[in-house]
Amino acid sequence: MHSKIGIRILAVAAALGMSCLCLAQSGANATPPGPAADGTLPALTAIAGEAMMHSQAGPDLEYLSDYIGARLTGSPQAAEAVKWADSRMQAMGLQNVHAETYPIWRGWKRISASAEIISPVHKKLMVDSMGWVGSTPRGGAEADVVPVNLFQLDDEIKNNSANWAGKILITEAKGPRPRNGGLSMFVKYGEFLEKAYAVHAVAVIGGQGGSSAAGMHLAHTGILGFAKYYDIPVVSMAVEGQDELERLLDQGKTVRLKMDVQNEVTKGPVEAANAVGEIVGTRFPKQVVVVGAHLDAWDLSQGTTDNGFGSVSVLEAARAIMESNYKPLRTIRFVLFTGEEQGLLGSLAYVKQHQADMADHVAMLTVDNGQGPIVNLEMGGHADLIPAVEQFTKSILAFGDLSVNDHAVFDTDTGPFILGGIPGINMGQDSPEYRYTHHSNVDSFDKVKTETLDQDAAVLALTAFWIADRPDRLGTTWPPERTARMLVEQHQDELLKAFGLWPFGNMAEEPNQPNP
């Protein structure tokens, strides 16, 4: 194994060296300088060697998965994970290690969920509760099942909701998918849940946005709105059981279930925290590159691929940089957020708490796309930075041919930073199995290849250090008007407005344009 790793390190050094040679031969001023020309090459080579030769990522992820496990925001396990992360940061010698606390609107705890068909057959079904939803009466309730077409929720609410009282509702996807389906269905689904509770429906069978479970004999949990609690119990059902119910309904049968869902919810806010540590910059200490991932995880399993993998990548990136004995020009701040699964709450809190110095934030990087290798860098809408970053990615070809694009990602902690005009860089991964492990009862340590974890942690460390150590700052913080126009061009504005996250008013409109 060590010989293979050594070959890879030599390949990294060779790739970096070839970058230098090519720049020297081409005359150099046509494109931004890469690592071989901007002075970062020796440090990057040392960091790559440390990350690949002496990685601690595998043992860290195994401990986080097996000994802490599920880390639901606001829970004792999440607090334990933050303390563990702080202790790891202190052990590797990071500076200013601390926890930054913030409140979440309500705490929630899963207790139990069960369901069985009473008629026309008798059969137990596999279900798990969605997050931040209510309970059935203790002991459960029996009710007939009524289908609701997910693709026609407006019509269902208007025309059929009078018949939902005392019924268990099951969402089905029939007919043409609505325009902008993912967004519209997620928003409409919340309206549907509120209406179902108002008319006294018993419960709902349907996952995030009403979607059915992926994979065999799996359920998937998750939040159903942005920082939102729904009083009605909602469950995800294994696809085998849900398909059987739909077949029976299609045959015209009256299907009756018994469902028992028990959860606990606090009456008011509870405390959560982000774990923070730094490598302080040697020349521009006030300029900050944030390297982050969300430490919180859903509670059906160990939260390994979502997002223990990313969290440990952040810790390993910090360790590799520290052990390389190279210090960056700018501060690298390592942040493990909580509250991501409930609506980016930890990263939103971070941006709010650091509002006074956000203009000095150079970039934010995150890993949060499962257990696969990093294959692209999504620059949070900052297309102007692509040429410079491409020079960097060309220098680390031993880690794969990484593409660079300007996609703005809002389903992870990059979002709040993008809103602040900062490049929120999502380290996109190729993780085809993530749709099965994601929020499910099989999100466990055995789903990860530690060699992939080591490689991703190395790429994260190299990217963060290069941005923090290059002579020139990587771009500038955008004014709100420019960010707003970019988000409209990328069709992100509807999503942000739907969840109350659009801070720009009419800024996206072109100046001096007459009203129609």
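Confidence in the protein chain is lowest in helix α1 (residues 2-26), at a mean of 40, and highest in β12, at 99. The score here is pLDDT, the predictor's confidence in each residue, from 0 to 100. Helices (H or I, at least four residues) and strands (E, at least two) are DSSP runs, numbered from the N terminus. This is a predicted model: local features need pLDDT of at least 70, side-chain atom pairs count only at pLDDT 80 or more, and totals for chains, interfaces and linings use all residues. Residues are numbered from 1 along each chain as its sequence is written, and side-chain values use heavy atoms, with hydrogens and water left out. The chain has a mean pLDDT of 93, with 92% of its residues at 70 or more. Over residues 1-28, pLDDT stays under 50.

Next, helix α5. Its 16 residues, 76-91, should span 22 Å at 1.5 Å a residue, and the end C-alpha atoms are 23 Å apart, which agrees; the expected span is 1.5 Å times one less than the number of residues. Among the buried residues of α5 are Trp84, Asp86 and Arg88; buried means under 20% relative accessible area, with a 1.4 Å probe and protein chains only. The buried residues of α5 pack against α4, β1, β10, α9 and β12. Gly93, with a positive phi near 90°, follows α5.

Last, Asp296, in the loop between β11 (284-294) and α9. Asp296 is buried without a salt bridge, that is, a side-chain nitrogen of Lys or Arg within 4 Å of a carboxyl oxygen of Asp or Glu. Arg71, the nearest side chain of opposite charge, is 7.4 Å away. The Asp296 side chain does reach the backbone nitrogen of Glu341, at 3.1 Å.

Terms used:
Buried means under 20% relative accessible area, exposed over 50%, partly exposed in between (1.4 Å probe, protein chains only). Contact means heavy atoms within 4.5 Å. Lys and Arg count as positive and Asp and Glu as negative; His and the chain ends are not counted. A polar contact is a pair of N or O atoms within 3.5 Å; within protein, one must be able to donate a hydrogen and the other to accept it, and residues adjacent in sequence count only if both atoms are side-chain atoms.
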